[in-house]
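Me: I would like to learn how to read charged contacts and a metal site in a model of this kind. Could you take me through the features one at a time, giving the general idea before the case at hand?

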Amino acid sequence: MTTDKSQQDQVLIFDTTLRDGEQSPGATMTHDEKLEIASLLDEMGVDIIEAGFPIASEGDFKAVSEIAKRSRNSVICGLARAQFGDIDRCWEAVKHAARPRIHTFIGTSPLHRAIPNLTQDEMAERIHETVSHARNLCDNVQWSPMDATRTEHDYLCRVVEIAIKAGATTINIPDTVGYTAPRESADLIRMLLERVPGADEIVFATHCHNDLGMATANALAAVEAGARQIECTINGLGERAGNTALEEVVMALKVRNDIMPFRTGIDTKKLIHISRRVATVSGFPVQYNKAIVGKNAFAHESGIHQDGMLKNAETFEIMRPEDIGLSETNLVMGKHSGRAALRAKLAELGFELADNQLKDVFVRFKALADRKKEVYEDDLLALMRDSGSDPANERIQVKFLRVICGTEAPQSADLTLTIDGVDKQITAQGDGPVDATFNAVKALFPHSARLQLYQVHAVTEGTDAQATVSVRMEEDGKIVHGEAADTDTVVASAKAYVNALNRLLVRREKSKPGDDVKTVSYKDVS
Ligand code: KIV
Ligand code: ZN
């Protein structure tokens, strides 16, 4: 076993937060948010960024092109179905990157073959044609047999061989429905390496979904069997139960390098920041007990644990909080802290602010510190989430809110919204202060969007803690989320609702007639 890291085999990290992750219902990100996440992934050392699915919409195309133009080190990849039009559109978007990649795929299992109604031979022919077409455009081509783990082995070997001969340089083996288990995941890669001619000349990738909670274990098992690229997302974001979590595989390879001697190029100190940014922009909060990046992952509550930790941190900690970018103390500052201290603390949390941005955040920080004695890192993160720098916040704003609530009905909300620069006021009643507030928003800005989710989290402890409110809304099949924080839960609720409405307006704007590309799902393979 090699202990010298530089001698160890490298496992490439392929991040698909912006494609598979963004496909989860409700996780839609704005253009600017996608650019920001891509730049964080690039800085963190991700080898390949799957930036989107260019044929899916004009918005996806623009995001992939812009990410490609701005890329520094990472390979920029786009997804394309097994159709010439998809592949051409994908190339148009990724070609701007210093290191572009086309990723094309088709479902090869019996269930997936039945959808386009292709025989095994017809599908084999389609794979040959489309991979060759992609390879004529780009010398870095990835091919995926979707639902590989439920594809007959003989047919899988046959089509992988065809894709390699047609010029694929990476073959990805997706466990599309999260059905496989670690031993099977390893056996499949081993079988392909043994049986497919030319398999030793390409890179095998593993792409796992977490429906049975085994995505991380399955990916690591595939690596032990010979895969050298892991496809994953930040926080395990992804359709249904999500994808393999980037932070989990990377930290597992680092912490258990004694039994899994592989290296990655990831700067693990950047993990916590990117995890928080993805949680914020996707609207999918990280569960408290999530491995590596959950709020409790390094918290030690019980007496025995705390005692052990004080004597020797290794008693109960297999990795240090600093390894993922968490600083030791969470207590930050109070109302006497100055602008320089705020700038330094925000920089530590991963936010480099220009002077005008700092000025705005400082005013908001002071207002918060006046209301709350102690301001914690989590409060600052909530403040940054709510800093108003997102243009999606701008068309509708909460100007004034006063509610009457308590044991005696009716509860009511007196609300003023500024809509496109004009103040509008109303008093509405409801079943409780939040319902009254939401009724007031609806009366001032009528809409047909349906509220699907309303969630309140206390950012820190104590009755003066800030509340973060998340809402999810749906209109004509489009889902948007909104989030806001405030020490007053009802104010946070109003702002979160308005934030979601603003995002809805952006979505409506984007899907106005004139988009020349039909919106497709990666599952509409025909
Ligand atoms: O899960 C899957 O099969 C996919 C493919 C498009 C690679 O995401
Ligand atoms: Zn997937």
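Me: Does Asp355 count as buried or exposed, and at what relative accessibility?

Reply: The classes are buried for under 20% relative accessible area, exposed for over 50%, and partly exposed in between, computed with a 1.4 Å probe on protein chains only. At 57% relative accessibility Asp355 counts as exposed, whereas Arg343, at 33%, counts as partly exposed. This is a predicted model, in which local features need pLDDT of at least 70 and side-chain atom pairs count only at pLDDT 80 or more, while totals for chains, interfaces and linings use all residues. Side-chain values use heavy atoms, with hydrogens and water left out, residues are numbered from 1 along each chain as its sequence is written, and chains are lettered from A and ligands numbered from 1 in the order in which they are written.

Me: With which residue does the side chain of Asp355 meet in a salt bridge?

Reply: Side chains of opposite charge can pair when their charged atoms come close. The criterion is a side-chain nitrogen of Lys or Arg within 4 Å of a carboxyl oxygen of Asp or Glu. Asp355 meets Arg343 in this way, at 2.5 Å from N to O. Because Asp355 lies in helix H14 (residues 355–371) and Arg343 in helix H13 (residues 339–348), the pair ties together parts that are 12 residues apart in sequence; helices here are DSSP runs of H or I with at least four residues, and strands are E runs of at least two, numbered from the N terminus.

Me: How many salt bridges does a search of the whole structure find?

Reply: The search finds 29. Among them, Lys290 pairs with Glu248, the closest N and O atoms being 2.5 Å apart. This pair links distant parts of the chain, 42 residues apart, with Lys290 in the loop between helix H11 (271–282) and helix H12 (303–311) and Glu248 in helix H10 (residues 246–255). Lys290 is buried, at a relative accessible area of 10%. Arg19, Asp20 and Glu50 are linked in a network of salt bridges.

Me: Which residues are the protein donors of the zinc ion (ligand 2)?

Reply: Donors are N, O and S atoms within 2.8 Å of the metal (3.2 Å for Na, K and Ca), and since water is not among the atoms, sites may look incomplete. Here the donors are Asp20 (OD), His207 (NE2) and His209 (NE2), lying 2.0 to 2.1 Å from the zinc ion, with the sequence spacing D-x186-H-x1-H. His207 is buried at 5% relative accessible area, and His209 is buried at 2%.
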